[in-house]
Amino acid sequence: EKNLDQRLQSVLIHHNAIRKGLGNKIFEKEQLKSDLLKIAPKILQFSQPVWLKIDQFKKQNKKILFEGAQGILLDVDHGTYPYVTSSNTVASSAATGSGCGPNSIHYVLGITKAYTTRVGEGPFPTEILGKKGDEIRNKAGEFGVTTGRARRIGWFDGVAGKYTAKINGFDALILTRLDTLDNWEKINICTEYEIDGERTSDYPNNVEDLKKVKPIYTTIDGWTESTKSITNFSKLNSKAQKYINMIEEVIEVEAKIVSTGPGREETLHIKEFIT
């Protein structure tokens with residue numbers, strides 16, 4: 001409780017000055033303290049030194065899985081700033097956030113959809129507007145779970161894909177919702193960017209260049225055979241297999257798992273991966 005007094009005092013000096021300047025209500029320390037002390041017993045039972053718990057697990061040879069919750073291009077340092085979140089979302093931040101050393105992370109598994117989506121504002125070189133984008137969005141249910149906001153839809157961006165694979169150190173890839181691309185006559189994969197007349201396969205380092213990007217597509221034949229719920233790679237039609245192989249070549253990472261629907265059981269393993 002004594003520490004709480006000191007922390008609230010420091011925090012409120014900063015935030016109340018800003019709030020007052022903006023004409024907003026300022027917070028009273030005693031009310032905040034009272035509210036926090038009420039919820040403290042519920043919160044503190046889940047509080048413990050994470051680094052110590054992880055170290056104990058390592059000594060017991062237990063498997064530890066870190067899961068990233070946001071897209072890599074939302075990373076505050078490596079993403080499309082200022083259209084980013086407030087923290088680091090790259091794989092290496094798992095070590096920073098948990099307090100374990102970087103040598104604790106032995107395998108990085110990248111997850112991407114068979115197409116590209118983006119939530120909110122920001123440059124989106126491969127965006128599909130109009131009826132085609134609506135068709136993929138509706139088929140895949142690309143709407144925010146909480147807000148219901150429609151996600152923006154685009155063709156697979158191999159330039160961004162290769163960039164994210166490199167900065168995260170992907171060892172393998174999971175490709176999701178392949179079934180969403182069933183029954184398309186032609187499918188595009190962005191393999192290069194054109195910026196101010198220059199072609200490049202490297203992701204630009206500033207958002208102003210990204211806004212000027214013209215995507216260079218490789219177009220392949222689509223497929224009419226359904227991939228929905230297929231769990232054996234050999235049963236995928238040859239054109240769907242070719243699409244997967246092209247993505248592997250463009251981003252320079254092998255795909256080990258493909259999902260063919262939203263269900264947990266709608267998954268096929270192409271190759272074994274480290275466990």
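I count a contact as heavy atoms within 4.5 Å. The model is predicted: I take local features at pLDDT of at least 70 and side-chain atom pairs at pLDDT 80 or more, while totals for chains, interfaces and linings use all residues. Residues are numbered from 1 along each chain as its sequence is written, and side-chain values use heavy atoms, without hydrogens and water.

**Helix H8**

I find Ala240, Tyr243, Ile244, Met246, Ile247, Glu248, Val250 and Ile251 buried (under 20% relative accessible area, 1.4 Å probe, protein chains only). Their cover includes helix H6 (158–168) and strands S4 (156–157), S5 (172–176), S6 (186–195), S8 (214–221) and S9 (255–259).

At the start of H8, I see a side-chain oxygen of Asn237 within 3.1 Å of the backbone nitrogen of Lys239. Just after the helix, Glu252 has a positive phi of about 65 degrees.

**Thr126**

I placed Thr126 in the loop between strand S2 (116–118) and helix H5 (131–140). How buried is Thr126? Its relative accessible area is 0%, so I list Thr126 as buried. Leaving aside neighbours within four places in sequence, I find Thr126 in contact with Thr116, Ile153, Gly154, Trp155, Asp157, Cys190, Pro215 and Tyr217.

Terms used: Buried means under 20% relative accessible area, exposed over 50%, partly exposed in between (1.4 Å probe, protein chains only). Helices (H or I, at least four residues) and strands (E, at least two) are DSSP runs, numbered from the N terminus. A polar contact is a pair of N or O atoms within 3.5 Å; within protein, one must be able to donate a hydrogen and the other to accept it, and residues adjacent in sequence count only if both atoms are side-chain atoms.
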